[in-house]
Amino acid sequence: MTDETDPGPNGASPSLPTRSRAGFVLAIMGLVLMLAGASAPSPFYPVLQARIGFSSAMMTGIFAIYAGALLVTLLVFGRLSDHLGRRPVLSVGFVLLALGMLEFLWADTAMALLLARVLQGLASGLLISTLSASSTDHEPSARPGLAAVWNAVAPLAGLAAGALAGARCWPMRLRRVW
């Protein structure tokens, strides 16, 4: 039986991930971009409501189902990357996010929009927890607490950037889709 606290051949603990600045920056940028993608469709909803023809209650449902899927995913699968590893969970999360974005592109019914939001919520739940943990794994040793600061700021920055980008670009995208 081996003791996991014994250092490995290079003097590092085998249970601790290798810290790297690139890994830290990629995790934070992934978090910002993922949340930007999650909020970018929001300015489109009133236009889609007029074109597809769904009620205000359905509009509320389209917003709410994302939060529900996100919360359930965080509660049920929030620690999944601790057991399976960061890379597999990130891979599944980004695939789900891409599928959700494609569903938005092709959505022509309110149900399709609901499905897109569920996919986004599942992806966001997997990615928020895993990217946050990954940024903590790669936090620079000389800057303790840096991951906590960025994990607090990055989601807000991503949500704001996505909403602003979506609002700025919606006329071009809607002309292309319809």
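Okay, quick one on handedness before we start: a crossing counts as left-handed if the near helix is turned anticlockwise from the far one by less than a right angle, and right-handed if clockwise. Helices here are DSSP runs (H or I, at least four residues), numbered from the N terminus.

Now the ground rules. This is a predicted model, where local features need pLDDT of at least 70 and side-chain atom pairs count only at pLDDT 80 or more, while totals for chains, interfaces and linings use all residues. Residues are numbered from 1 along each chain as its sequence is written, and side-chain values use heavy atoms, with hydrogens and water left out.

So, α2 and α3. That's residues 45-53 against residues 56-77, with axes that come within 11 Å and cross at roughly 135°. Axes, by the way, are lines fitted to C-alpha atoms, for helices over the stretch in contact, and angles run from 0 to 180 degrees between N-to-C directions. That angle makes α2 oblique to α3; the cut-offs are under 35 degrees for roughly parallel, over 145 for roughly antiparallel, 65 to 115 for roughly perpendicular, and oblique for the rest. The α2 and α3 crossing is right-handed. On the α2 side you've got Y45, P46 and Q49, meeting S56, M59, I62 and F63 of α3 (contact means heavy atoms within 4.5 Å).

Next up, α3 with α6. Their axes sit 7 Å apart at an angle of about 30°, and they are therefore roughly parallel to each other. This crossing is right-handed too. The contact has 16 nonpolar, seven polar and one charged residues. For the classes, Ala, Val, Leu, Ile, Met, Phe, Trp, Tyr, Cys and Pro are nonpolar, Asp, Glu, Lys and Arg are charged, and the others, Gly among them, are polar.

What about α1 and α6? There the angle is about 160° and the axes are 9 Å apart, which makes α1 roughly antiparallel to α6. That crossing is left-handed. Among the α1 residues in the contact are F24, L31 and L35, and the α6 side includes R117, L127 and L131.

Notes
Helices (H or I, at least four residues) and strands (E, at least two) are DSSP runs, numbered from the N terminus.
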